[in-house]
Amino acid sequence: ELKLTIMPAEKQGRWRVEEEFIGAIRGIEKVRLTTLEDGVRYMAFTEAVTRSLKTGRPVKVASPLKSR
């Protein structure tokens, strides 16, 4: 059974990866939570999900980065 849990305001966060990325491009802040490599992998995953949704079939996630 699910029940509602109230998160105290001082413990709440918010998603701001995109905002942080734009701030980094503008030189306003440093990216703290997501590396470029993680961002590229995330986009590959997101694209695979989109393609799978459109085709109704499983889609292999591309490996956009070469191992070092």
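Colleague: Which helix holds Phe45?
Modeller: This is a predicted model in which residues are numbered from 1 along each chain as its sequence is written, and local features need pLDDT of at least 70, side-chain atom pairs count only at pLDDT 80 or more, and totals for chains, interfaces and linings use all residues. Side-chain values use heavy atoms, with hydrogens and water left out. Helices are DSSP runs (H or I, at least four residues; for strands E, at least two), numbered from the N terminus. The run that contains Phe45 covers residues 36–55, and this is helix α2.

Colleague: Is Phe45 buried, partly exposed or exposed?
Modeller: The classes rest on relative accessible area, with buried under 20%, exposed over 50% and partly exposed in between (1.4 Å probe, protein chains only). Because its relative accessibility is 46%, Phe45 counts as partly exposed.

Colleague: What is the area of the nonpolar surface patch that includes Phe45?
Modeller: A patch takes residues with over 30% relative accessible area and no salt bridge, joining nonpolar side chains (Val, Leu, Ile, Met, Phe, Trp, Tyr) within 5 Å and like charges within 9 Å. The areas come from the Shrake-Rupley method with a 1.4 Å probe, and for residues only the protein chains shown count as cover. Tyr42, Met43, Phe45, Val49 and Val61 together make a patch of about 490 Å².

Colleague: How many residues apart are Glu29 and Arg16, whose side chains meet in a salt bridge?
Modeller: Glu29 and Arg16 meet at 3.0 Å, N to O. The pair links distant parts of the chain, with Glu29 in the loop between α1 (17–25) and α2 and Arg16 in the segment before α1, at a separation of 13 residues.

Colleague: Which element gives the most to the lining of the largest pocket?
Modeller: On a 1 Å grid over the protein atoms alone, a pocket is an open set of points where a 1.4 Å probe fits, with protein on both sides within 12 Å along at least five of seven lines, and lining residues have an atom within 4 Å of a point. With grid points joined across faces, edges and corners, and volume taken as the space filled by probe spheres set on the points, the largest pocket holds about 380 Å³. Of its 15 lining residues, the closest to the centre are Val17, Phe21, Thr34, Thr35 and Gly39. Two or more lining residues come from each of α1 and α2, and the most, six, come from α2.

Colleague: What is the C-alpha to C-alpha distance between Lys60 and Ala44?
Modeller: Lys60 is found in the segment after α2, and its relative accessible area of 76% is why Lys60 counts as exposed. Lys60 and Ala44 are 16 residues apart in sequence, and in space their C-alpha separation is 9.8 Å.

Conventions
Salt bridge = Lys/Arg side-chain N within 4 Å of Asp/Glu carboxyl O.
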